[in-house]
Amino acid sequence: MGRLMLQHPRIAIIGGGPAGLTAALILHRGGHRVSVYEGESSGQQRTQGGTLDLHEDSGQVALQRAGLLETFRAVARHEGQEARVGDPRSGAITAGGFGPEGSMDKPEIDRGDLRQLLLDALPADTVQWGHCLTELALAQAGHHSLRFANGVQAEADIVIGADGAWSKVRAALSACQPLPTGITFFEGWITQPAADIAAMVGQGSLFCFGGEEALFVQRNSGDRFCVYAALKRPSDWLDAQIAQHGMRALVTGSYTGWAPNLRHLLEACTDFVRRPIHSLPADFRWTPRNGVTLIGDAAHLMPPVGVGVNLAMLDASDVAMALCAQPDAVDAIRQAEAVVCGRASTLMPDAIQGFQHWFTTEATADGG
């Protein structure tokens with residue numbers, strides 16, 4: 001038992017996002033028993049955030065391993081790769097085309113649509129909705145105990161933590177907590193865009209860098225636009241301003257020096273949702289434990305610079321493929337962890353530094 005040489009190990013995946021579901025699908029197709037525990041009550045409980053671009057060397061590799069690449073490519077928005085840059089002072093929009101010549105193919109898909117794509121490929125009873133993990137009690141040789149907020153208790157021989165930034169699985173392996181970056185995103189949506197907004201953003205994304213303020217706009221399916229107003233401000237200052245003036249007034253008031261056409265994007269939004277951005281340290285590592293591992297943001301939370309979901313899905317496929325390839329789960333997980341951690345260690349320093357660079361005057365001058 002100490003080496004987890006079980007013929008049919010019970011595998012629990014904590015978190016039903018793209019990473020957790022990718023791992024579940026590969027494991028299911030490999031003949032493993034797997035349960036996904038997700039805190040949300042259903043796949044439609046809330047909006048899943050903005051659009052995602054899946055890269056051919058990561059997210060698409062994971063979908064290929066899961067047997068869904070062709071299905072994805074049939075529904076993805078290939079035109080969504082278009083990128084534009086807006087000048088915050090003049091309002092001038094520069095069309096960036098579809099990325100530099102020779103760049104990777106990375107079509108877009110709404111986060112909710114990607115999740116549904118994965119759910120549709122799994123048996124209906126794979127995901128246990130309404131199961132928010134509160135505690136993971138580790139055992140020496142399998143039989144890890146899971147306790148959920150709804151009172152349910154379960155056991156598993158293998159636990160894969162795909163439970164995001166504030167992972168309860170990570171908390172059982174490390175005392176390290178994500179650190180604030182000093183940047184807060186305010187997410188808004190334009191559900192019925194006027195013609196001028198649609199023409200300004202185009203088919204893909206619009207990026208505007210203005211020093212301590214930035215603006216990111218993404219076209220989603222159904223001609224909806226997700227708008228992220230990003231502010232570099234102290235958290236306690238934001239608290240005070242929101243308490244005094246309200247969130248909408250804070251957001252719109254932070255862009256008074258910006259061009260009218262860009263301010264119009266904020267004015268057209270529905271209510272904003274505050275999303276502080278956190279990151280794990282670039283050198284984060286957890287204490288290895290038999291039969292337990294981490295993937296995605298649980299393993300290497302970093303600022304949103306365009307690699308997060310791709311890295312998470314690739315992590316998921318690496319772990320799942322390793323478990324399918326050999327009977328010794330301990331060795332399989334250790335080998336996959338080495339790949340996951342090694343890859344993250346090469347990306348995290350640049351991601352953390354690059355994200356901070358976005359909120360400098362240099363970013364304003366060079367377009368990010």
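# A guided tour of helix contacts and salt bridges

Begin by selecting Leu311, Leu314, Asp315, Asp318, Val319, Ala322 and Leu323 in helix H11, which meet Ala329, Ala332, Ile333, Ala336, Val339, Val340, Arg343 and Leu347 in helix H12. Classified by residue type, the contact of H11 with H12 comprises 12 nonpolar, no polar and 3 charged residues. The model on display is a predicted one.

Now widen the selection to both helices. H11 spans residues 308-325 and H12 spans residues 329-357; their axes lie 8 Å apart and the packing angle is about 160°. An angle over 145 degrees counts as roughly antiparallel, and H11 and H12 are therefore roughly antiparallel to each other. Viewed as a crossing, the pair is right-handed.

Asp315 and Asp318 belong to the H11 side of the helix contact, and Arg343 to the H12 side.

From Arg65, move to Gly67. Gly67 sits in the loop between helix H2 (59-65) and helix H3 (69-75). Its relative accessible area is 46%, so Gly67 is partly exposed. For a sense of scale, draw a distance from the C-alpha of Gly67 to that of Ala194: the two residues are 127 positions apart in sequence and 39 Å apart in space.

Select helix H1 (residues 18-29) and helix H4 (residues 111-120), which pack with their axes 9 Å apart at an angle of about 20°. Angles under 35 degrees count as roughly parallel, and H1 and H4 are therefore roughly parallel to each other. H1 passes H4 in a left-handed crossing. To display the contact, show Pro18, Leu21, Thr22 and Leu25 from H1 together with Arg111, Leu114, Arg115, Leu118 and Leu119 from H4. By class, this contact of H1 with H4 contains 6 nonpolar, 1 polar and 2 charged residues.

The tour now turns to charged pairs. Side chains of opposite charge can pair when their charged atoms come close. The structure contains 16 salt bridges, and three of them are visited here in turn.

The partners come from distant parts of the chain, 147 residues apart: Arg10 is in strand S1 (residues 10-14), and Asp157 is in the loop between strand S10 (153-156) and strand S11 (158-161). Asp157 has a relative accessible area of 3% and is buried, whereas Arg10, at 25%, is partly exposed.

Next, select Glu213 and Arg233. The closest N and O atoms of this salt bridge are 2.9 Å apart. Glu213 lies in strand S14 (residues 213-219) and Arg233 in the loop between strand S15 (225-232) and helix H7 (235-245), so the pair ties together parts that are 20 residues apart in sequence. Glu213 counts as buried at 13% relative accessibility, and Arg233 is buried with a relative accessible area of 16%.

Asp239 counts as partly exposed at 40% relative accessibility, and Arg274 counts as partly exposed at 24%.

Return to the end of S14 and follow the chain to Asp223, which is found in the loop between S14 and S15. Most residues other than glycine have a negative phi. Asp223 has a phi near 55°, a positive value in a residue other than glycine. Asp223 is also partly exposed, its relative accessible area being 45%.

Finish at Ser205, in strand S13 (residues 205-209). Ser205 counts as buried, with 9% relative accessibility. To see its surroundings, select Glu82, Ala83, Arg84, Val217 and Gln218, which Ser205 touches when residues up to four places away in sequence are not counted.

Note on methods. Residues are numbered from 1 along each chain as its sequence is written. This is a predicted model: local features need pLDDT of at least 70, side-chain atom pairs count only at pLDDT 80 or more; totals for chains, interfaces and linings use all residues. Side-chain values use heavy atoms; hydrogens and water are left out. Axes are lines fitted to C-alpha atoms, for helices over the stretch in contact, and angles run from 0 to 180 degrees between N-to-C directions. Helices (H or I, at least four residues) and strands (E, at least two) are DSSP runs, numbered from the N terminus. Angles under 35 degrees count as roughly parallel, over 145 as roughly antiparallel, 65 to 115 as roughly perpendicular and the rest as oblique. A crossing is left-handed if the near helix is turned anticlockwise from the far one by less than a right angle, and right-handed if clockwise. Contact means heavy atoms within 4.5 Å. Ala, Val, Leu, Ile, Met, Phe, Trp, Tyr, Cys and Pro count as nonpolar, Asp, Glu, Lys and Arg as charged, and the others, Gly among them, as polar. A salt bridge is a side-chain nitrogen of Lys or Arg within 4 Å of a carboxyl oxygen of Asp or Glu. Buried means under 20% relative accessible area, exposed over 50%, partly exposed in between (1.4 Å probe, protein chains only).
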